[in-house]
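Please read the points below alongside the model.

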Amino acid sequence: MSDTPRLHHGGATLLERARDLRTMIDRESAAAEAQGSLTGPVVDALHEAGVFGMWVPEPLGGAELSPKELLGVFEELTYADPSTGWAVMATTLANGTGGAYLGDEAVERIFKGPRMPLIAGQGTRPGVAVREDGGFRLSGRWSFASGMLHSQYAHSAAAIEGTGEIRIFVNPIEDVRILGNWDVLGLRATGSVDYAIDDLFVPESQTHDFTTDRPLRGGAIYRLGLLDQALICHSGWALGIGRRLLDELARHASSRAGRPGQIAGSDAFHTDFARAEAAFRAAAALIHQTWDDVERTLESGGTLSVRQETMVRLALNHITSTVAETGRFVYASGGTSALRDGLVQRLFRDVCAGAAHITSGPQVLAECGRELAGLAPGRTWTVFTLEDARP
């Protein structure tokens, strides 16, 4: 019997619970934007629904959803409010990978409470860590810590002095200096603050290799590694905000039907809306097709090929650029209603902010094209670039 981890499926329960929370999250979204973080009622409701445990390994009491199941939950939450979807995807990713990759001592401390812990931070711009007996001394300043204002632990990348190895460090939030600096155009309610850590000792068990794809607990989803799992987050977010943008524009146009000079009577608008709908649906179909293929590989006990690694990056890049263009179309079509503070304006600001994320940057797209064109023989993906395969 093979001991290769297989893909775990949690079922539709969490998707249904996320859908049930849509009205309440939508109602709280304006207050969350005003205060710069999710409201207490939303955080409590997400805990009660079990959402914060959806990525946590099943042996630790989590749901351990499959990639396609995660996409569905993120789409629902983002449709309700893009900031909520973003904050949840960031914290649940860190919860899940922490549960899978951290040492036993750390997991025993972090996951022992009646509620799932919330872990938030930054994993792409590293600080510095110095190896010491039993662990590391960690220092640095990080930005874009989505969800940190209601989290109990920080998740931070750092380069090990002398080797350059990148590791993830998880430590209690009390050891973090919150620096604020979240005065931004969009995704305001994510509370993606800057933070600093100064000469903190972090035990070895509270760290893991950034590139590891060997879970200490849980199934095959954790064999994707941290970066590929992050692509699930952003893909689900794009699905949710793209659908909400088009639905809100349709409601806006319908509410003005019959009035002279309104877009509801414009053939040009009808044509542009059809094109926007087709573009979004095509991009969404590529996401689902790509992750269906990934799930088949994981179900069989396999690992992703270079082409599959390319496709998960390309599918995300494509849907991100598509929903950014959708946002521009919706904002332009909304007229003075979009100009004023309100839902359409907020969705537009949020999609602009989300589209700027590094996972969908131009370098990734160029590397995808290089691999697809057959111009990167013998190379494999290392985060966002193609590099010579290791011997």
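The numbered points follow, beginning with the basis of the model.

1. This is a predicted model, in which local features need pLDDT of at least 70 and side-chain atom pairs count only at pLDDT 80 or more, while totals for chains, interfaces and linings use all residues. Residues are numbered from 1 along each chain as its sequence is written, and side-chain values use heavy atoms, with hydrogens and water left out.

2. Helix α12 spans residues 362-372, and Val 364, Glu 367, Cys 368 and Glu 371 in it are buried (under 20% relative accessible area; exposed is over 50%, partly exposed in between; 1.4 Å probe, protein chains only). Viewed down the axis of α12, these buried residues fall within an arc of 105°, so they line one face of the helix; the arc is taken from the directions from the helix axis to the C-beta atoms. Pro 362 and Ala 366, on the other side of α12, are exposed. Helices (H or I, at least four residues) and strands (E, at least two) are DSSP runs, numbered from the N terminus.

3. The cover over the buried residues of α12 includes α9 (306-333), β8 (379-382) and β9 (385-388). Gly 374, which follows α12, has a positive phi, near 80°.

4. The largest nonpolar core has 95 residues, and Leu 46, Met 54, Trp 55, Trp 291 and Ile 319 have the most contacts inside it. Such a core is a set of buried Ala, Val, Leu, Ile, Met, Phe, Trp, Tyr and Cys residues joined through side-chain atoms within 4.5 Å. Helix α7 (residues 225-255) supplies the largest share of this core, 14 residues. A second, separate core of 18 residues includes Ala 145, Ile 173, Val 193 and Val 202.

5. Leaving aside residues up to four places away in sequence, Trp 291 touches residues including Pro 67, Leu 71, Asp 228, Ile 232 and Val 312, where contact means heavy atoms within 4.5 Å.

6. There are 29 salt bridges, each a side-chain nitrogen of Lys or Arg within 4 Å of a carboxyl oxygen of Asp or Glu. Glu 371 pairs with Arg 307, the closest N and O atoms being 2.8 Å apart. This pair links distant parts of the chain, with Glu 371 in helix α12 and Arg 307 in helix α9, 64 residues apart. Glu 371 is buried at 11% relative accessible area, whereas Arg 307 is partly exposed at 37%.

7. Asp 293 and Arg 296 form a salt bridge at 3.7 Å, N to O. They lie 3 residues apart in helix α8 (residues 267-299), and are therefore separated by about one helical turn. Asp 26, Arg 244, Glu 248 and Arg 251 are linked in a network of salt bridges.
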